[in-house]
Amino acid sequence: MAAVARALETSNVTSIKSLVESPTLSSVPSAYAFNINPNDEADPNDPEFAIPIVDMSLLTSGSPDQRTQIVHDLVKICEEWGFFIAINHGVQESLMKGMIEAYHGFFSLPDEEKEEFKFGNDVLEMFNYGTSYNLALDKVLLWRDFFKVRTHPEFHSHYKPASFSEISLEFSKRSREVALEITRAISESLGLQPDYIYNTMNMDRGLQMLAGNYYPPCPQPQNAIGIPHHTDPGLVTLVIQNEMNGLQVEHNGKWLTVNGPPNGFFVNLADQMQILTNGKYKSVMHRATVNNKATRISIAIPHGPSIDTIIAPAPELCEREGQAPKYHAMNYKEYMQLVQSGKNYMKATLDHIRA
Ligand SMILES: O=C(O)CCC(=O)C(=O)O
Ligand SMILES: [Fe+2]
């Protein structure tokens with residue numbers, strides 16, 4: 001067991017929430033020390049760092065020309081950013097707020113009540129509550145607690161707080177529709193049939209999860225990290241948050257804080273999309289920073305292939321571009337296990353399967 005995990009256990013800290021609530025905390029404990037270099041941050045007023053916005057209503061109910069335009073815009077967005085903000089996506093603001101509230105209710109439960117949802121790190125657990133990332137592997141502790149609920153292909157109902165189950169069922173269905181519309185537009189942007197990604201990735205049985213993160217205020221936000229730089233393993237991840245910012249994406253070698261319209265979904269492409277497109281589209285590197293003002297809650301909603309799908313660069317694309325596949329084929333469950341194994345601690349798992 002890593003030394004920090006032992007220190008954590010002996011000090012009886014079971015969550016970052018309870019650590020922050022202890023009256024004596026005035027600085028970042030050494031087990032959490034992580035330096036953020038302010039020189040690496042992008043100037044949000046520089047037009048080079050203007051985050052792309054995608055109006056989803058033009059995909060779903062625009063004219064054919066408007067749809068074609070968005071699909072065309074997506075090529076550049078996916079190649080250069082691997083990230084955008086989706087607006088007018090049809091998910092009601094009250095549902096998004098209700099989902100954040102339900103997570104707030106969960107995290108506000110006494111630690112003892114949350115403990116029953118600690119299930120270890122099997123990638124296919126129905127639920128998983130915890131702190132940091134994986135206490136058995138972490139060399140630096142993360143300034144966050146998390147609670148993950150698996151919502152597709154089977155929806156797992158969760159009863160604490162009482163409203164959680166109903167809201168998460170509706171929210172996961174609606175956000176899945178947005179993610180699937182995005183995969184259709186991305187398929188088209190690649191010159192493929194709209195259902196190409198859905199069909200080849202077996203998304204009828206695709207994995208979807210709600211991954212809620214709780215980042216309480218931190219006395220020295222430049223000296224700790226919520227989630228360090230990483231890419232997500234799946235195809236496409238949607239993210240929502242409460243009123244606090246903290247997500248940063250890497251763009252042109254700088255870290256850019258994402259600040260967007262309050263009802264938008266932040267959308268990041270993930271590793272299987274980079275593999276499928278043979279590196280044409282980018283799985284964006286991102287991280288979650290913390291602040292010293294108020295608790296930030298975010299919910300990441302990753303959408304992936306089914307666990308048994310073998311993902312490899314699309315032969316249609318390789319042929320058309322005259323390229324050899326740049327990645328080895330691998331089944332999605334094994335890929336997720338590789339991510340969680342700690343073999344690539346703070347490194348890109350994609351590098352592991354480059355051909
Ligand atoms: O908190 C955030 O905004 C990002 C969370 C994230 O990247 C993740 O859960 O994978
Ligand atoms: Fe992420």
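**Close-up views of the model**

**View 1. P153 lies in the loop between β4 and α7.** A cis peptide bond with omega of about 5° links H152 to P153. P161 is found in that loop between β4 and α7 as well, and K160 and P161 are joined by a cis peptide bond whose omega is about -5°. For context, most peptide bonds are trans. The element names come from DSSP runs numbered from the N terminus: helices are H or I runs of at least four residues, and strands are E runs of at least two. This is a predicted model, in which local features need pLDDT of at least 70 and side-chain atom pairs count only at pLDDT 80 or more, while totals for chains, interfaces and linings use all residues. Residues are numbered from 1 along each chain as its sequence is written, and chains are lettered from A and ligands numbered from 1 in the order in which they are written.

**View 2. Here is the open sheet of eight strands.** Its order is β1-β2-β10-β7-β12-β5-β4-β3, and the pairing is mixed; two strands pair if DSSP finds at least two bridges between them. At the edges stand β1 (53-55) and β3 (127-131), each with a single partner strand, so one side of each has no neighbour in the sheet. From one strand to the next the twist averages 25°. Within the sheet, seven bridges connect β4 (residues 145-152) and β5 in the antiparallel sense, and F146 stands opposite N213 in β5.

**View 3. Helices α5 and α7 lie across strands of the eight-stranded sheet.** Helix α5 (residues 93-108) lies across β4, β5, β7 and β12, at about 115° to β12. Helix α7 (residues 164-189) lies across β2 (83-87), β4, β5, β7, β10 (265-269) and β12, at about 130° to β7. Residues are in contact if their C-beta atoms, placed from the backbone, lie within 7 Å. Axes are lines fitted to C-alpha atoms, for helices over the stretch in contact, with angles from 0 to 180 degrees between N-to-C directions.

**View 4. Look next at the open sheet of four strands.** The strands follow the order β6-β11-β8-β9 with antiparallel pairing. Since β6 (227-230) and β9 (254-257) stand at the edges with a single partner strand each, one side of each is left without a neighbour in the sheet. Neighbouring strands are turned by 20° against each other on average, direction ignored. Strand β8 (residues 247-251) is joined to β9 by four bridges, and V249 stands opposite L256 in β9.

**View 5. N252 and N278 have positive phi values.** N252, in the loop between β8 and β9, has phi near 45° and is exposed, with 11 other C-beta atoms within 10 Å. N278, in the loop between α9 (271-276) and β11, has phi of about 55° and counts as buried, with 20 C-beta neighbours inside 10 Å. A residue is buried with 20 or more other C-beta atoms within 10 Å of its own, exposed with 12 or fewer, and partly exposed in between, C-beta atoms being placed from the backbone.

**View 6. Finally, meet the surroundings of ligand 1.** The shell consists of A211, N213, I227, D232, V239, Q241, G246, L247, H286, A288, S298 and A300, whose C-beta atoms, placed from the backbone, lie within 6 Å of the ligand. Two or more residues each come from β5 (208-215), β7 (236-241), β11 (286-288) and β12 (296-303).

Conventions: Contact = placed C-beta atoms within 7 Å.
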